[in-house]
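Here are some notes for a colleague who is about to look through this model. They take up the domains, the contact between the chains and the symmetry in turn.

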2 protein chains.
Amino acid sequence: MSFPERYHPAVSAALSSIDFGALRHVYFVACGGSLSIMHPAKFMLDQHSSLPSDVFNAAEFVARAPKRLGPDTLVVLCSMTGTTKETTAAAKFAKEKGASTIGLTVEPESPLGTAVDYPVKFEAPYTTGVPIDAKDSNYSAIYQIVIGIAAATGGEDLRESLIGSLYNLQAAIDRAQETYAPLWDRYAEHFAKQDVIYTMASGASYGAAYSFAICVLMEMQWINSQAIHSNEFFHGPFEVLDETRCFVLMKGIDSTRALDERADEFLHRFGKAENILVLDAAKLDLSGIDERFQGNVVPLIFFDTLWRFIYKVADFRQQVMLDGRRYMKKLTDY
Amino acid sequence: MSFPERYHPAVSAALSSIDFGALRHVYFVACGGSLSIMHPAKFMLDQHSSLPSDVFNAAEFVARAPKRLGPDTLVVLCSMTGTTKETTAAAKFAKEKGASTIGLTVEPESPLGTAVDYPVKFEAPYTTGVPIDAKDSNYSAIYQIVIGIAAATGGEDLRESLIGSLYNLQAAIDRAQETYAPLWDRYAEHFAKQDVIYTMASGASYGAAYSFAICVLMEMQWINSQAIHSNEFFHGPFEVLDETRCFVLMKGIDSTRALDERADEFLHRFGKAENILVLDAAKLDLSGIDERFQGNVVPLIFFDTLWRFIYKVADFRQQVMLDGRRYMKKLTDY
């Protein structure tokens, strides 16, 4: 299989080396924020291929040791710095079992990058402070992997369309910053006073809700949170909703949108509008992005734009963002 | 394949009718508390069979519409009352796609029970107020299904051992009530004062942590919560830990125990002992239960025993348990 010219060269090389005729399973394995991109990856694969897959925290993956893991499986891992020890251990474990391994990282010379069969480099503004183009992001790399797998396993070949869409994504994100900017001013000061803020999403966007809850609200602002699935909300969590409770609802435009719409209606019926920050993807200008991928790129737009919001929240809280940690990158012995 | 005499007759009948030679996938589908038992079901299947499986919220399952769903797949659903509309819709959707369907419910004449190919009745103290024997519970039924599938798809045939273990489970739960009772007295009054209580677990017990967080703490006591995976804890959530934050850690004895041990150590290093309720399964007397299933039955023991704890907490909060809802079973139009 030859790959479109603009495809990530390391993704093309990795996928060209895999025997898809024998491939039976894909494991998406990572921790924390890197795990959060594996949920939308599986969502995309589920809709474009009949190949089965799992998403696992890296330590859970190794300790669970799924019986299905073996030479006919592919394990896709991710760690931004490439130094997450559980993820590197998972890569080594997978290789011992004979699986093929792809590792996404900003540093191919890192422990993860050197442990896997195929390192795939991406870029992250988070590490350098320099803005990146979304086509070079972790989402872009994992989606190129997924659509490549789908094309190679009997799904429609959408690689040209995907790569064209990814090249137009940064412009859509820049436009989204303008679309959502008024929300930040309206909600930042009020949200800064909260001890608890829930996030909510479904489908392709659930991973972004998870990441915003655990890596941003909890990790960097010490605000209590949970990423509630938009339908699970109605089976227990909604009982915490009252006129004071705050939510960030990520209303996507993939095939699960109706779940978010139902949650939105309920939130506004029993909560107060000033406590409910809704990012509605239907309000975005996504021109240049194939309609078949618009729902998939939305979580990256949500997550990228919400950075602007949380910096405003942090200013009101007088808690500096990345320095606002007690344990991560400060302790080494845990 | 003939089934052990004490196996659930409806499980034996269902599994006897399925063409396992053609079976390619199992979907575990439900909402809320019923979804929480699907996580340990998948954990057991992953370790005993190479058949792939997924766990999905019922509305997510239908909206996602995985391409793999078809005549060669089995969909196992659960709704206690059998009236959960998303789960019944998922059963109908699965049948339209040609899948076989098994539905666990206390009421086989319910919408879910009548929508599926094979209804499987279980008992729940929750609906009748009458104590049940754990061998008749939802966990027992789903584990009999899983080990039956494993035996029929190339895994070891552990059905006799499983059913013997399940018949000895209630006695183990009764003993566990004694083991853990001193904890309830020590923690109930203090935990009753909290606005936020996190639960934590991994492996077979993650579903019990999820259920206790969303169906008990949030739904019945309006206490903010999240079920944190014991390793994901270290990738963001741990930053909310300080000398005031409360946790319920379910320390299992399955193959992921080391993850819980690491979390336990960290919680006690930076938190205060009075805020950290640890249920350690290693302290239980599990005689009569095959060692290969001890880790799997532990979440049911955790969940059952924690009911005693939450009733004590509710007394201090003066919030009656099942009447403590604003929306569920009170509204009908959402």
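1. Domain bounds here come from an automatic or database domain assignment, and for chain A that assignment gives domain 1 (9-156) and domain 2 (168-317). The C-alpha centres of domain 1 of chain A and domain 2 of chain A are 26 Å apart.

2. Some conventions come before the rest. This is a predicted model, in which local features need pLDDT of at least 70 and side-chain atom pairs count only at pLDDT 80 or more, whereas totals for chains, interfaces and linings use all residues. Residues are numbered from 1 along each chain as its sequence is written, chains are lettered from A and ligands numbered from 1 in the order in which they are written, and side-chain values use heavy atoms, with hydrogens and water left out.

3. Between the domains, 18 residues of domain 1 of chain A are in contact (heavy atoms within 4.5 Å) with 23 residues of domain 2 of chain A. Taking buried area as the accessible area (1.4 Å probe) that two parts lose on being put together, summed over both, domain 1 of chain A and domain 2 of chain A bury about 1,500 Å² between them, with 67% of it from carbon and sulfur atoms.

4. A salt bridge is taken as a side-chain nitrogen of Lys or Arg within 4 Å of a carboxyl oxygen of Asp or Glu, and the count between domain 1 of chain A and domain 2 of chain A is one. A:Glu156 and A:Arg292 meet in a salt bridge through their side chains, at 3.4 Å from N to O. On the side of domain 1 of chain A that touches domain 2 of chain A, the largest share, six residues, is supplied by helix 3 of chain A; helices are DSSP runs (H or I, at least four residues), numbered from the N terminus.

5. How many residues does each chain bring to the contact between chain A and chain B? Chain A gives 73 residues and chain B gives 73 residues, and the two chains bury about 5,800 Å² between them, 51% of it on carbon and sulfur atoms. Within chain A, the residues that lose the most area to chain B are A:Arg64, A:Glu239 and A:Tyr327, which together make up 13% of what that side buries.

6. The rule finds eight salt bridges across the interface of chain A and chain B, while the count over all chains comes to 37. One salt bridge joins B:Arg64 to A:Asp46, with the closest N and O atoms 2.8 Å apart; this pair crosses between chains, from helix 4 (residues 58-64) of chain B to helix 3 of chain A. In another salt bridge the side chains of B:Asp333 and A:Arg269 meet at 3.1 Å, N to O.

7. On symmetry, copies are superposed by least squares on the C-alpha atoms of residues with pLDDT of at least 70 in both. Chain A can be laid on chain B with an RMSD of 0.0 Å by a turn of 180° and a shift of 0.0 Å along the axis, and the two copies are therefore related as by a two-fold rotation axis. The C-alpha of A:Gln226 is the one in chain A nearest the axis, 2.6 Å from it. Because 100% of the interface residues of chain A are also interface residues in chain B, the copies meet through the same surface.

Note on methods. Helix = DSSP H or I, 4+ residues; strand = E, 2+ residues; numbered from the N terminus.
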